[in-house]
Amino acid sequence: MLVKIFGSALNGIGATKITIEVNISRGAKFILVGLPDNAIRESKERIHVALFNQNFRWPGYKVVVNMSPADIRKEGAAYDLPIAIGVLIGSKQLIAKNISSYVLMGELSLDGTILPIKGALSIAVQAKKDGFKGLLLPYENAKEAAIVDGIDVYGMRTIKEVCHFFNNPQMFTSEYVDVK
């Protein structure tokens with residue numbers, strides 16, 4: 001199953017929309033393409049353990065992740081969250097019909113906690129410019145991103161909260177989400 005999720009790459013003080021495609025099919029490999037740096041290449045292990053510790057499972061299939069545009073270098077662990085959500089949707093552990101309306105960014109801790117990232121303001125500005133409805137970021141970054149008017153900002157603490165958001169978006173309010 002092919003899933004498209006959106007993230008953002010920082011370039012200077014600006015950002016560029018990144019499409020993260022996750023495809024799950026027959027096989028048993030994890031393949032990551034699209035100019036990822038070492039931190040992104042190491043994401044499989046972080047994501048695998050974080051999903052396990054949040055009571056999800058790693059699919060027993062081939063997972064291919066394509067990050068485009070391929071000519072833009074992607075750096076840092078902030079792509080953990082969109083890749084993990086792509087894996088959950090692709091393996092049918094999460095239904096998120098409105099995923100294409102949001103930009104997701106966040107580094108995952110091994111326990112499934114979403115850790116702060118750099119450039120939340122630039123990411124929010126670009127997400128608004130690209131016409132996205134909202135932005136899901138680490139809780140600690142929500143205040144910075146919420147400076148941008150015209151885009152909903154949701155601060156998330158765990159990958160499980162992100163899943164709850166897509167299952168019950170009406171329970172969440174923009175900016176500082178605090179659901180346990």
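Biologist: In this predicted model, which residues have the most contacts inside the largest nonpolar core?

Modeller: In soluble globular proteins, nonpolar side chains tend to be buried together. The largest nonpolar core here has 60 residues, and helix H3 gives the most to this core, with 7 residues. Inside the core, the residues with the most contacts are Ile85, Leu104 and Phe166.

Biologist: How many of the residues of H3 are buried?

Modeller: Buried is taken as under 20% relative accessible area. H3 is mostly covered, and its count of buried residues is 11 of 11.

Biologist: Why are H3 and H6 described as oblique to each other?

Modeller: Two packed helices are described by the angle between their axes and the distance between the axes. The axes of H3 (residues 80-90) and H6 (residues 159-167) come within 11 Å and cross at roughly 55°. Angles under 35 degrees count as roughly parallel and those from 65 to 115 as roughly perpendicular, and H3 and H6 are therefore oblique.

Biologist: Which residues of H6 meet H3, and what classes of residue make up the contact?

Modeller: The crossing of the two helices is right-handed. From H3, the residues in the contact are Leu81, Ala84, Ile85 and Leu88, and these meet Ile159, Val162 and Cys163 in H6. By class, the contact of H3 with H6 has no polar and no charged residues, and its nonpolar residues number 7.

Biologist: How many nonpolar, polar and charged residues does the contact of H2 with H3 have?

Modeller: The axes of H2 (residues 43-53) and H3 come within 10 Å and cross at roughly 60°, which makes H2 oblique to H3. The crossing of H2 and H3 is right-handed, and Ser43, Arg46, Ile47 and Leu51 in H2 meet Asp80, Ile83, Ala84, Val87 and Leu88 in H3. By class, the contact of H2 with H3 has 6 nonpolar, 1 polar and 2 charged residues.

Biologist: What covers the buried residues of helix H4?

Modeller: In H4 (residues 120-129), the buried residues are Ala120, Ser122, Ile123, Ala124, Gln126 and Ala127, and just after this helix Gly131 takes a positive phi of about 85°. Leu135, which is found in strand E8, is in contact with residues including Ile123 and Ala124. The cover over the buried residues of H4 includes strands E1 (2-11), E2 (14-25), E5 (102-104) and E8 (134-138), and helix H5 (142-145).

Methods
Residues are numbered from 1 along each chain as its sequence is written. This is a predicted model: local features need pLDDT of at least 70, side-chain atom pairs count only at pLDDT 80 or more; totals for chains, interfaces and linings use all residues. Side-chain values use heavy atoms; hydrogens and water are left out. Axes are lines fitted to C-alpha atoms, for helices over the stretch in contact, and angles run from 0 to 180 degrees between N-to-C directions. Helices (H or I, at least four residues) and strands (E, at least two) are DSSP runs, numbered from the N terminus. Angles under 35 degrees count as roughly parallel, over 145 as roughly antiparallel, 65 to 115 as roughly perpendicular and the rest as oblique. A crossing is left-handed if the near helix is turned anticlockwise from the far one by less than a right angle, and right-handed if clockwise. Contact means heavy atoms within 4.5 Å. Ala, Val, Leu, Ile, Met, Phe, Trp, Tyr, Cys and Pro count as nonpolar, Asp, Glu, Lys and Arg as charged, and the others, Gly among them, as polar. A nonpolar core is a set of buried Ala, Val, Leu, Ile, Met, Phe, Trp, Tyr and Cys residues joined through side-chain atoms within 4.5 Å. Buried means under 20% relative accessible area, exposed over 50%, partly exposed in between (1.4 Å probe, protein chains only). Lists of a residue's contacts leave out its neighbours within four places in sequence.
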